[in-house]
Amino acid sequence: MMHMRLKALIQKLGISQRQFAQEIHLDPGYLSRILQGKNEPPERILLLIEKTFHVNHDWLMHGQGHMFSSFDVLLKKQRVLELIETLDENQIQAVTAFLEYLLH
């Protein structure tokens, strides 16, 4: 159910319902009615949620896949940054040259 997924999303983000509503420019009272299952969110609200919080459309609509659209990519980027922190100056130069090669 959509309202349950939205509750789970807010909990995962670690923000209040009021903060969530503010981020997507929604009246907190209206969000409360959505979270109670009294109102279905309109398509424009769902799109705002997807864009603002990088939520996977399939997860939001049907509960399928990861909650966040770029979850795997974010984890991989985080790992790369962690590895870069351990490199010495020569290794950083080599990685920089490789990345520049990939981008051109």
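**Loop, helices and side-chain pairs**

Author: Asn 56 sits in the loop that runs between α4 (43–53) and α5 (57–62). The model is predicted.

Reader: Is Asn 56 buried or exposed?

Author: The cut-off for buried is under 20% relative accessible area. Asn 56 has a relative accessible area of 18%, so Asn 56 is buried.

Reader: Which residues is Asn 56 in contact with, leaving aside its neighbours within four places in sequence?

Author: Contact here requires heavy atoms within 4.5 Å. With neighbours within four places in sequence left aside, the contacts of Asn 56 are Gln 64, Gly 65, His 66, Met 67, Phe 68 and Ser 69.

Reader: Which residues does Leu 48 touch, not counting those up to four places away in sequence?

Author: Leu 48 belongs to helix α4. Its relative accessible area is 31%, and Leu 48 is therefore partly exposed. Not counting residues up to four places away in sequence, Leu 48 touches Ile 24 and Phe 53.

Reader: How is the aromatic pair of Phe 20 and Phe 53 arranged, and what is the angle between the planes?

Author: One aromatic pair is present in the structure. Phe 20 and Phe 53 form this pair, with 4.8 Å centre to centre. Planes under 30 degrees apart count as stacked. The pair is stacked, and the angle between its planes is 10°.

Reader: Which helices does the pair of Phe 20 and Phe 53 link?

Author: Phe 20 is buried, and Phe 53 is buried too. The two residues are 33 residues apart, and the pair links distant parts of the chain. Phe 20 lies in helix α2 (residues 17–23) and Phe 53 in helix α4.

Reader: What is the distance between the closest N and O atoms in the salt bridge of Arg 79 with Glu 82?

Author: The count of salt bridges is one. Arg 79 and Glu 82 are separated by about one helical turn because they are three residues apart in helix α6 (residues 71–84). A salt bridge requires the nitrogen to be within 4 Å of the carboxyl oxygen. In the bridge between Arg 79 and Glu 82, the closest N and O atoms are separated by 3.6 Å.

Reader: How far apart are the C-alpha atoms of Lys 7 and Gln 17?

Author: Lys 7 is in helix α1 (residues 2–13). With a relative accessible area of 39%, Lys 7 is partly exposed. Lys 7 and Gln 17 are ten residues apart along the chain, and the separation of their C-alpha atoms is 8.6 Å.

Conventions:
Residues numbered from 1 in each chain as written. Predicted model: local features only at pLDDT ≥ 70, side-chain atom pairs only at ≥ 80, totals over all residues. Heavy atoms only, no water. Helix = DSSP H or I, 4+ residues; strand = E, 2+ residues; numbered from the N terminus. Buried < 20%, exposed > 50% of the residue type's maximum accessible area, 1.4 Å probe, protein only. Phe/Tyr/Trp six-rings, centres within 6.5 Å; stacked < 30°, edge-to-face > 60°. Salt bridge = Lys/Arg side-chain N within 4 Å of Asp/Glu carboxyl O.
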